[in-house]
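Hello, and welcome to this structure.

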Amino acid sequence: MVTMSGLVIAMLLAMLDNMIVAPALPTIVGDLHGLNHLAWVTTGYVLASTVATPIWGKLGDLLGRRVTFLTSIAIFLVGSALCGMSQNMGELIAFRAVQGLGAGGLMVGVMSVLADIVPPRERGKYQGVMMAVMPVAMIGGPLVGGFITDNLNWRWAFYVNLPLGLVALGVCWFVLAKLPRGAGKARIDWLGAALLSVWITAFVLITTWGGSQYDWSSPQILGLLALTVGAFVAFIMVERRSAEPIMPLSVFRNRNFALAGALSLIVGFAMFGGITLLPQFQQYVQGASATNSGLLLMPMMIAAMTVSLIGGQLITRTGHYRALPIVGTVLMTAGLGLFATMDTGTSRFMTSVFMVVLGAGMGCLMQTTMLIAQNSSPINAIGAATGAATFLRNMGGSLGVSLLSTIYTNHLLDSLADSGGSAATSTGSAAGMTPAMLRALPEPVQHAFAVAVSNGIGAAFVWGAAAAAAGIVVALFIKHVPLRGFADAPKPAPVVALQDA
């Protein structure tokens, strides 16, 4: 439990950061005069975290979990301190990327350390505890960020990470001392890491800029597409020949791992893309404040936490897990489909009911997909497998946020343009519209803008539900493989001896 306390704090750091920073962003960009670069404050962090995740997983296998985990915490803290000292948007975006590099190691490090110290049979209930960190971050983050922005300087939105991080660093320094030291001298696949960074960055830029900043047929988008395909093909060729690949392709030869990875990608796309847009509806259509919109997410987070804890206990007691991904994808599809039906007349109570359905689906999937991926990989490749699975989930989230946000924005602007009259005058200022500004406008404009937001949200959630429905098909093909730690599962003697020691 002492070890778990350090891991929980580290997980809280990774999840809490964006939640705290979000309410402070308007003040930050105003102070640093960087409204045009607002999106990159988040995109830089997410990209760096996504690219770094499999790298940290591989480094953990080669160098040992303790040294890599502590290093990732240290990098995250350095990035947080530098963000707080930023003097312009260029510095802030660069330092947010440094933060993201550390955050990628926090997430994969927690899951890999957990895999080292807890056998799969018992891991479900501990992963359920880790899932309980999410509602704390999702609900507490906006409240803390809003308080800091209103009562302190925005720089404390980054400095607040330092005391928590130092506690996690101190605890993990002592309690992880007995973990294995790794496979020996590291042979890092730097070429593979570079190619991975190039193709994933180019791919996210396509989904971010395509159809909005540039036409899909523009030279910029076509050039990025060519770069993505070329770098991806080169990445596959390098990984097949590398002695120590940054993302071993061999783990994808296992059917269950490949299916769990595909499910992680789909879940990330549907879930993170959808959750990002919910506050837009709550604030613009239902009139909630920024702080209250965080509180209004409680039904979804409580449902996710409860189902995750119950699911973890069921897996621990029975060893069976195949039904959870199927039920989870069905519930997620239903939840996102219900959100697609929302309009200006949808009450907060009905929105809460929809959130419970989506949250229950999240609770079935978040820990189960990771458990399947880890149980489907060799003991000595758990770090790489965890990194690959987390990478796919983060990549899905990045694509979901960018694509669904683009769909939402385009439908919103089209709806405003079609509304005519006074509402049409707000089209040009839609990108800079805030809930407070909207409430100061005439009633017809408020109604037209709320309708436009509802149309955009509905279109985005239709695509999110379609992605989740594809996840149902994937989940049906997952086979039950006994978890290590049960009598009918293989028990590698060296690992058991090490864990008993």
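1. Among contacts in the protein chain with a separation of 6 or more, 83% are between residues 24 or more positions apart. Please keep in mind that this is a predicted model.

2. What does the secondary structure of the protein chain come to? The count is 20 helices and 0 strands. The protein chain has 501 residues, and 53% of them are buried.

3. Helix 14 covers residues 323–339 and helix 15 covers residues 348–375; their axes come within 7 Å and cross at roughly 150°. Angles over 145 degrees count as roughly antiparallel, and helix 14 and helix 15 are therefore roughly antiparallel to each other. Helix 14 passes helix 15 in a left-handed crossing. On the helix 14 side, the residues that meet helix 15 include L324, P325, V327 and G328, and their partners in helix 15 include T351, F354, M355 and V357. By class, this contact of helix 14 with helix 15 has 18 nonpolar, 6 polar and no charged residues.

4. Now follow helix 14 to another partner, helix 19 (residues 443–476). Helix 14 and helix 19 pack at an angle of about 165°, and their axes are 8 Å apart. Helix 14 and helix 19 are therefore roughly antiparallel to each other, and helix 14 passes helix 19 in a left-handed crossing. From helix 14 the contact is made by P325, I326, T329, V330, M332, T333, L336, G337 and F339, while helix 19 brings I457, F461, G464, A465, A468, A469, G471, I472, A475 and L476. The residues of the contact of helix 14 with helix 19 divide into 14 nonpolar, 5 polar and no charged.

5. Helix 15 has another partner to consider, helix 13 (residues 298–318). The axes of helix 13 and helix 15 come within 7 Å and cross at roughly 35°, and the crossing is right-handed. Residues of helix 13 that meet helix 15 include P299, M300, M301, A303 and A304, and those of helix 15 that meet helix 13 include S352, M355, V356, L358 and G359. The contact of helix 13 with helix 15 divides into 14 nonpolar, 8 polar and no charged residues.

6. Next, please look at helix 10. Helix 10 has 23 residues and reaches 33 Å from its first C-alpha to its last, close to the 33 Å expected at 1.5 Å a residue. Which residues of helix 10 are buried? They are I221, L224, T228, A231, F235, V238 and E239. An α-helix has 3.6 residues a turn, so residues three or four places apart point the same way. The buried residues of helix 10 pack against helix 9 (190–209).

7. I221 lies in helix 10, which spans residues 219–241. Is I221 buried or exposed? I221 is buried, because its relative accessible area is 3% and the cut-off for buried is under 20%. Leaving out residues up to four places away in sequence, I221 touches I206, W209, G210, Y214, D215 and W216. A202 is 19 residues from I221 in sequence, and the two are 9.3 Å apart in space, C-alpha to C-alpha.

8. M395 sits in helix 16 (residues 382–419) and is buried, with a relative accessible area of 8%. Beyond its neighbours within four places in sequence, M395 is in contact with T50, W199, I200, F203 and L265. M395 and S264 are 131 residues apart along the chain, yet their C-alpha atoms are separated by 9.2 Å.

9. F69 is in helix 3 (residues 65–84). At 1% relative accessibility, F69 counts as buried.

10. Lastly, please look at a loop residue. R155 is placed in the loop between helix 6 (133–151) and helix 7 (156–159). R155 counts as buried at 17% relative accessibility. Apart from residues up to four places away in sequence, R155 touches D31, G84, M85, S86 and Q87.

Definitions and conventions
Residues are numbered from 1 along each chain as its sequence is written. This is a predicted model: local features need pLDDT of at least 70, side-chain atom pairs count only at pLDDT 80 or more; totals for chains, interfaces and linings use all residues. Side-chain values use heavy atoms; hydrogens and water are left out. Helices (H or I, at least four residues) and strands (E, at least two) are DSSP runs, numbered from the N terminus. Buried means under 20% relative accessible area, exposed over 50%, partly exposed in between (1.4 Å probe, protein chains only). Contact means heavy atoms within 4.5 Å. The expected span of a helix is 1.5 Å times one less than its number of residues. Axes are lines fitted to C-alpha atoms, for helices over the stretch in contact, and angles run from 0 to 180 degrees between N-to-C directions. Angles under 35 degrees count as roughly parallel, over 145 as roughly antiparallel, 65 to 115 as roughly perpendicular and the rest as oblique. A crossing is left-handed if the near helix is turned anticlockwise from the far one by less than a right angle, and right-handed if clockwise. Ala, Val, Leu, Ile, Met, Phe, Trp, Tyr, Cys and Pro count as nonpolar, Asp, Glu, Lys and Arg as charged, and the others, Gly among them, as polar.
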